[in-house]
Amino acid sequence: MLIDSWSQRGGAPGQSDRSWSSSHRLLLIGTAALTVLVLGVQAFASYKGYLGPVESLFGDYFLVPRSATMPWVGLALALVGLNNKERIYAVSAAVVIDVVVGAIRWFSGGPLTMGTGGTWVLTAIAVYAVWKLSGERRLSVLHGVALGALLIIAAKVAETWLEITILVGTDVWDEYVFLADQALGNPSWVMGQIVDAMGPVGAAALDWIYVELPVAVIVVALYQVRKGWPSHHLLRTFLLIGLIGPIFYVLFPVVGPVFAFGPRGFGFQIGDYWPNIVPNFDFASPSSLPFDDAAPRNCMPSLHTAWAVALFIHSRSGPWWIRSLGSFWLVATLTATLGFGFHYGVDLIAGAVLCLTLDAALRDPERGWGWFRVRLLIGGSALLAGLLLSYRFAAVQMAEYPAIFGPLLMAVLVLMSVAYFATFFARPGTALAVWGERDGEWDAATAESPGLPAR
């Protein structure tokens, strides 16, 4: 990836200059491409009357930040390449700015929120790196700034993309997905009742965990990069999921149980059933359902699940508290996606397969490209395509024969998980490792190499 080419280390005399020259060209190309994308999305948003990414960024700088979390997440990444003294200055400046600007906003009748300080200081660090730093240190700081800025900009573009899903997907396919989900026993209805039983306090805590997934992501990512930028880390997968995943929203428009079968359908829902009553309709001929212009068509696949699975995978190489954080956030996220009625169970399976496929394209880049990686990408893509096609064209059969299709759906997830584990995590010398083409000598060497992901 572009951002990883900026962290070249060492080498023969003159290699650093050549690395900077090459990285500088890639930086300019990447910046130009990103600028064109953001301006294009902004132009479309302005034409349709939506809030575009440029307007949203302007709000972060000068008005009301759309998110109090993302600017600070971006700033945290920009701090990686700085020394401790510089980090103290940067964090202190961001806190002071947030307090002062927040107070002015509050006394002017605006909302009490944060984020302006993180955005301003992130920008200041970029200027500082270009103006004052040089060599490898400049590359390291710009690496963090680029990742932080990418996360913020990706969130802005995603907001507009959700509006595009509504514009493109005027009709939704929830009837098909509801039928397919019966093969799994309608888990959203089950979890919805469990969340209701948790009461308002439990639901509020679960909602915070669901919304603030980036908080857990940044904790694990900062642990991974604490000693420098490794060849692969969580943020690469996180960004790739955010880039590829939303494409499926316009190909497979679904709003979710709480909208199509629950109280948030605003008159467009099939009925007010979720989560207490599982509809017993004769959907022998399911069809698309015209829906409102407020609910995003962002269910299939579940990207929250994909991101939570990525968080879980990348937390495995950390200490017990990192592993516990990854496990807890995965379980809580899956509970929230189903328990709040945002997703069907089959959405989660598709999201997990998507995550494993994309992470397989990025993990262990030192091994290069061989059949071990290509077969995972081809197989994962085929499984994901097969899932989506079955949800759309075999939904009636899946509802009629849950004893057959339920285990088949779980088998797809297990198959992809085992193949992924065998390729990247199986202990060398075992049968799984042999199948996954994990070379014991390669693993022994890379496990001791600085800057590479821990095994």
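Predicted model: local features only at pLDDT ≥ 70, side-chain atom pairs only at ≥ 80, totals over all residues.
1. The note opens with F266. At 62% relative accessibility, F266 counts as exposed, because the threshold for that class is over 50%. The residue is placed in the loop between helix 12 and strand 2.

2. Most residues other than glycine have a negative phi. N186 belongs to the loop between helix 7 and helix 8 (187–211). Is N186 buried or exposed? With a relative accessibility of 8%, N186 counts as buried, because the limit for that class is under 20%.

3. Two cis peptide bonds deserve mention. One joins W274 and P275, with omega about 0°; P275 sits in the loop between helix 12 (257–260) and strand 2 (289–290). Another joins M300 and P301, with omega about -5°; P301 is found in the loop between strand 2 and helix 13. As background, most peptide bonds are trans.

4. The next point concerns helix 3 (residues 70–78). Eight of its nine residues are buried, so helix 3 is largely enclosed by the rest of the structure. Which residues of helix 3 are buried? They are M70, P71, V73, G74, L75, A76, L77 and A78. The cover over these buried residues includes helix 2 (53–62), helix 4 (84–107) and helix 5 (116–132). Helix 6 (135–168), helix 9 (213–224) and helix 10 (234–244) are also included in that cover.

5. Helix 9 also packs against helix 13 (residues 303–315): their axes come within 10 Å and cross at roughly 30°. Helix 9 is therefore roughly parallel to helix 13, as the angle is under 35 degrees. Helix 9 passes helix 13 in a left-handed crossing. On the side of helix 9, the contact is made by L213, A216, V217, V220 and Q224. Helix 13 contributes H304, W307, A308, L311, H314 and S315. By class, the contact of helix 9 with helix 13 has seven nonpolar, four polar and no charged residues.

6. How do helix 7 (residues 174–181) and helix 15 (residues 345–362) meet, and at what angle do their axes cross? The axes come within 8 Å and cross at roughly 90°. Helix 7 and helix 15 are therefore roughly perpendicular to each other, a class that spans 65 to 115 degrees. In this contact, V177, A180 and D181 of helix 7 meet G345, V346 and D347 of helix 15. The residues of the contact of helix 7 with helix 15 divide into three nonpolar, one polar and two charged.

7. The last point concerns cysteines. How many disulfides does the structure hold? The structure holds zero disulfides. A disulfide is a covalent bond between the sulfur atoms of two cysteines. C299 is buried, with a relative accessible area of 0%. C355 is likewise buried, and its relative accessible area is 0%.

Notes
Residues numbered from 1 in each chain as written. Heavy atoms only, no water. Disulfide = S-S within 2.5 Å. Buried < 20%, exposed > 50% of the residue type's maximum accessible area, 1.4 Å probe, protein only. Axes fitted to C-alpha atoms, helices over the stretch in contact; angles between N-to-C directions. Helix = DSSP H or I, 4+ residues; strand = E, 2+ residues; numbered from the N terminus. Parallel < 35°, antiparallel > 145°, perpendicular 65-115°, else oblique. Contact = heavy atoms within 4.5 Å. Nonpolar A, V, L, I, M, F, W, Y, C, P; charged D, E, K, R; others polar. Left-handed = near helix turned anticlockwise from the far one by under 90°.
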